[in-house]
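Keep the model open alongside the text.

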Amino acid sequence: MYNLSDIGMVRSILEKHGFTFSKALGQNFLINPAVCPEMAEEAVTSENDGVIEIGAGVGVLTAELCKRAKKVVSIELDKRLLPVLDETLAEFDNFEVVNEDILKVDLHELIKEKFSDCENVSVCANLPYYITSPVIMKLLEDKLPIKQIIVMVQREAADRLTAPVGSRESGAITVAVNYYAEAEKLFNVSKGSFVPSPKIDSAVIRLAIYDKPPIETKDEELFFRTVKAMFMQRRKTALNSVSAGLGIPKDTVAKALEMTGLDASVRGEKLTLSQLCEFTNNLKEVM
């Protein structure tokens, strides 16, 4: 068994396999011995659970997941890490690595094929900062049969993802997250927990997936297009940003705002999830 929290051991293994860190892939491997067990405890609630891990690295988090879950499948883009993982995770027979790009994988098919005998499936990952939003949106928009998403992200991103809709920190992705899941920050992680050390701290968040959204939209596509338009020009009024973003006459947008009980000068960033939903439903009615 390898102590993958030992920097010297990790460097030795990587050098043995001729591995060098890739800035393009945002590779910062987690070595804090306290963080991975805590993440794994959050991700695995039953010995019959399955876990999809995104980016295995050297297998520090993977090993903790394998100790607790029935099956762990890691989607790892960097093929240079495959022989490393063969070595560091050799003791686990409930682990499998898939050398693919998470943004291109058919996750419905993967879950059907790999986790048919698991009670629940969760996603757990230490996400590279540069793909945080695309990955989270893919996981949510694909409407997967998963229980929750436990991810480590840049601390600033964690604040935005878990912020209340309508607060200063919220953005279009905050609305999307709140539509699909209940979001909460679990704990912060210092930059010194990684090798190489990034310039900023991180945080672990949980997205508990809803069986159905907490709001009822008449047109889900229009809802998200409207939200995107509002936050593309968040300093403008909802009237102006929606009219410009969707190509809808201002008097039509004004009518929908009035039906929702909102002032024409309100900014979209100030609206709650229920107000955004009601406005979009009214907009669809008057369009």
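H11 passes H12 in a right-handed crossing. A crossing is right-handed if the near helix is turned clockwise from the far one by less than a right angle, and left-handed if anticlockwise. The axes of helix H11 (residues 250-259) and H12 come within 8 Å and cross at roughly 130°. That makes H11 oblique to H12. Axes here are lines fitted to C-alpha atoms, for helices over the stretch in contact, and angles run from 0 to 180 degrees between N-to-C directions. Angles under 35 degrees count as roughly parallel, over 145 as roughly antiparallel, 65 to 115 as roughly perpendicular and the rest as oblique.

Which residues of H11 and H12 meet? From H11 come Thr252, Val253, Lys255, Ala256, Leu257 and Met259. From H12 come Glu278, Phe279, Asn282, Leu283, Glu285 and Val286. Sorted by class, the residues of this contact are seven nonpolar, two polar and three charged. Ala, Val, Leu, Ile, Met, Phe, Trp, Tyr, Cys and Pro count as nonpolar, Asp, Glu, Lys and Arg as charged, and the others, Gly among them, as polar. Contact means heavy atoms within 4.5 Å.

This is a predicted model: local features need pLDDT of at least 70, side-chain atom pairs count only at pLDDT 80 or more, and totals for chains, interfaces and linings use all residues. Residues are numbered from 1 along each chain as its sequence is written, and side-chain values use heavy atoms, with hydrogens and water left out.

Now the whole protein. It has twelve helices and nine strands. Both are DSSP runs numbered from the N terminus: helices are H or I with at least four residues, strands are E with at least two. The C-alpha atoms fill a box of roughly 65 × 40 × 30 Å along the principal axes. Of the 287 residues, 51% count as buried. Buried means under 20% relative accessible area, exposed over 50%, and partly exposed in between (1.4 Å probe, protein chains only). Among contacts with a separation of 6 or more, 69% join residues 24 or more positions apart.

Helix H8 (residues 172-180) is mostly covered. Eight of its nine residues are buried: Ile173, Thr174, Val175, Ala176, Val177, Asn178, Tyr179 and Tyr180. What covers them? The cover includes helix H6 (132-141), helix H7 (155-161), helix H9 (220-232) and helix H12 (273-286). Strand E7 (181-189) and strand E9 (202-209) also take part.

Take the H6 side of that cover. The axes of H6 and H8 come within 10 Å and cross at roughly 30°. The two helices are therefore roughly parallel to each other. Their crossing is left-handed. Ser133, Ile136, Met137, Leu140 and Glu141 in H6 meet Ile173, Ala176, Val177 and Tyr180 in H8. This contact has seven nonpolar, one polar and one charged residues. An α-helix has 3.6 residues a turn, so residues three or four places apart point the same way.

Thr174 also lies in H8. Its relative accessible area is 0%, so Thr174 is buried. Beyond its neighbours within four places in sequence, Thr174 is in contact with Arg160, Leu161, Ala163, Val165 and Glu169. Another threonine, Thr62, is found in helix H3 (residues 60-68). Thr62 counts as buried because its relative accessibility is 0%. Not counting residues up to four places away in sequence, Thr62 touches Glu53, Ala56, Val72, Ser74, Leu89 and Phe95.

Arg155 lies in helix H7. Arg155 is partly exposed, at a relative accessible area of 34%. Leaving out residues up to four places away in sequence, Arg155 touches Lys185, Asn188, Asp201, Ser202 and Ala203.

Two loop residues remain. Lys143 sits in the loop between H6 and strand E6 (148-154). Its phi is near 50°, a positive value in a residue other than glycine. Lys143 is partly exposed, with a relative accessible area of 47%.

Asp101 is in the loop between strand E4 (95-98) and helix H5 (107-114). Asp101 is partly exposed, with a relative accessible area of 22%. Its side chain reaches the backbone nitrogen of Leu103 at 2.9 Å. Apart from neighbours within four places in sequence, Asp101 is in contact with Ile75 and Leu77. The C-alpha atoms of Asp101 and Leu77 are separated by 5.2 Å, though these residues are 24 apart along the chain.

Methods
Polar contact = N/O pair within 3.5 Å; in protein donor to acceptor, adjacent residues only side chain to side chain.
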